[in-house]
Each structure stands twice: as C-alpha cells, then as structure tokens.
Amino acid sequence: MASLKDVAKLANVSLMTVSRALNSPERLKPETLARVHRAIEQTNYVPDLSAKKIRGAHASPKTIGVLALDTVTTPFSVEITLSIEETARMHGWNSFVMNMFSDDNPDAIVDLLLSHRPDGIIYTTMGLRQVPLPAKLLTLPCVLANCESDGERVASYIPDDELGQYTAVRALLAEGYQQPLCLHLPAGHLATTRRRQGLERACLEAGIDPDSLEHNYMAPGDEHYRDIPSVLLARIQNGVPRFDAVICGNDRIALMVYQTLLAQGLRIPEDVAVIGYDNMVGIGELFLPPLSTVQLPHYEIGRLSALHIINGEQHLETTRVESPYLKRDSVAHAS
C-alpha cells in the first residue's frame, strides 16, 4: 500500500507539503496542490485515519477489516460476522465491519475501509454470489466469505450447496418418496444452480429421472414468496396432491408450504414430506412438525476466513464448506 513518502517522492515535494495538501489545501499554491493530487491518484494512496496505528505502536493488536455487502442487515448471514469477531478475539486480533449496500459507490467504501489500516480484509456477502474486486483490496491479504471473485483469483470459503442438497434429497428418497415437487430459488442464482445439480445427482442414483419431476423457480424478489401457495394449490385436486414431498429452495419457501398444506387438511409428513434449506436462524425447530433442512455453514465460513488471514495462508483456492443435513420430523421415517 502506498505511503505518504511515496506520494511526496512522486510529486517531488516534502512530506509536510503532502500533509498540508490533505489537511490544509488552502495553504498551497494551486499548481502544487494539483501536483500532489495527481501523485495521490497515481499511487492509490489512502489517508490513514487509524489513530492507534501511529509510529512506534508496535504492540497494537492486528486487525481484520470486514467489507460486508448486504450481510449484517439480515439475520440469515449475521453468523458470518459474529464468527469473524469471535475468532479474531480468540487469537488476539481485532475486527471491524464496514457495511456496503448495493447502491453505494464501491471505491469510496473501500477507501474508507483501507483508511483504518487493517492488516487483512474479508469480503463477505449476503447470498452466494460472484463479485468484482476493487484492485485496492488486493494490496492487502484478502479472502472472500460466502462469495466468489468474478475475475481475480482469490481464496474464498463458500457453502457446499451441491453436496448439501444431494445429501438431503438422498435421505428423502431413501425413505421411499418418489414424486417430489421441487420449488427452487430464482433461476440464475449460484445457489440455485448448484443445489439443482445435487438434487439431480441424488435422483439419478435412486433411479429417478430428475426431468420427470415438476420444477418451479421462484421469481426474484421477496414479494414472490406469496406466490408459493398458488403453485401448490394448482397441483392439489380434490384434496389429493400430485406429489408426495416438497423440496424447498429455502426455509422461507418451506414456511409457505407448511401453511398451505395444513390449510388444505394435509398432514406433514404423513401425507406430504417437506425439506427446507438454510436452517433459518432460530426458526427451523419451531415449525410443527420440526423442519428437516440443510444447515448453511455461515459460522464455519466466518471462522475459516478469519483463520486464513490470521495464519497468513497463501492459497488461492475455493474451499467448499460442508452443509450438513438436519434430520427432523417433516420427513416420515421408514419402519
């Protein structure tokens, strides 16, 4: 990362002149100020706002900066940032979170993050996705949590969605279910594609053609959870469903499925089995009956990402973290 000295050298001015350009620009001649600003742009220099990291403060704990894109605004991913902080503290490090929202200027937020002089950066998102990486992030040790780079090769820790869905569907089919209705998250999402791959693998192993099943993809936007009842009702005639199980893209879809089936007088799991995905924080076991689902490993993703920075790991691989199937009572068990 560029220093004040680098700026001064490129602009051919003193350190004091650079400091005045940053703090008292009115004290400089316009041509001198312009020269310093050009040097700042060329070196990608970011002013240091970290009061603790002053010269000689060698005992200051090292710090992880967390760039959180839509992460801490939702209960579904808050465990990532919680785990990062707990892991950092356990190893004598500090951490701080810089929120970034979809309509923010990424360069401005990254500059603000870097101005606090972290020793490493974790870039995390709500919902598995590919993200562009501002070049400045890569001037420090950087790792991605719950996302992947769409360009530069950078280490990342993500849920193993293919294996998680495979494990859940395999368990469902092993109980004798043959005609599940598949209610997917929106098409085009990374998680949707990979979970569909896991579902197909489990079906093929059980001798079921996955294309013979009914697949419905939810439209993008939370308001479309309200479309789920009509999808189900169109497949129930005279109180008899054309399916014996419902594979849900997440636990919120499962919640809508429960309400619809129970309102139709159908029993779970005696008439229709239901499996979810996510293990929604604080909710999964409150379904009646408790929902069989897949655990998104957000806490473990946060822990591994923090250790990557703390231990100075150098690999640039994508690590798929196990997403375990949680067997509860929404699937009947063969006697």
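**Strands and cysteines**

Mentor: An open sheet of 4 strands has the order 7-6-10-11, and its pairing is parallel. This is a predicted model, in which local features need pLDDT of at least 70, side-chain atom pairs count only at pLDDT 80 or more, and totals for chains, interfaces and linings use all residues. Residues are numbered from 1 along each chain as its sequence is written, and side-chain values use heavy atoms, with hydrogens and water left out.

Trainee: Which strands stand at the edges of this sheet?

Mentor: Strands (E, at least two residues) are DSSP runs numbered from the N terminus, and two of them pair if DSSP finds at least two bridges between them. An edge strand here has a single partner strand, so one side of it is left without a neighbour in the sheet; this holds for strand 7 (214–217) and strand 11 (273–275).

Trainee: What does the twist average from one strand to the next?

Mentor: Axes are lines fitted to C-alpha atoms, and angles run from 0 to 180 degrees between N-to-C directions. From one strand to the next, the twist averages 15°.

Trainee: Is strand 1 largely enclosed or left open, and how many of its residues are buried?

Mentor: Buried means under 20% relative accessible area, exposed over 50%, and partly exposed in between (1.4 Å probe, protein chains only). Thr63, Gly65, Leu67 and Leu69 point one way from strand 1, Ile64, Val66 and Ala68 point the other way, and all are buried. Strand 1 (residues 63–69) is therefore largely enclosed by the rest of the structure, its buried residues numbering 7 of the 7.

Trainee: In strand 2, which residue is the bridge partner of isoleucine 64?

Mentor: Strand 1 pairs with strand 2 (residues 94–100) in the parallel sense over 7 bridges. The bridge partner of isoleucine 64 in strand 2 is serine 95.

Trainee: How many disulfides does a search of the whole structure find?

Mentor: A disulfide is a pair of cysteine sulfur atoms within 2.5 Å. The sulfur of cysteine 182 has its closest cysteine sulfur in cysteine 203, at 6.4 Å, which is too far for a bond. Cysteine 248 is in no disulfide either, as the nearest cysteine sulfur, that of cysteine 182, is 9.7 Å away. The number of disulfides found in the whole structure is 0.
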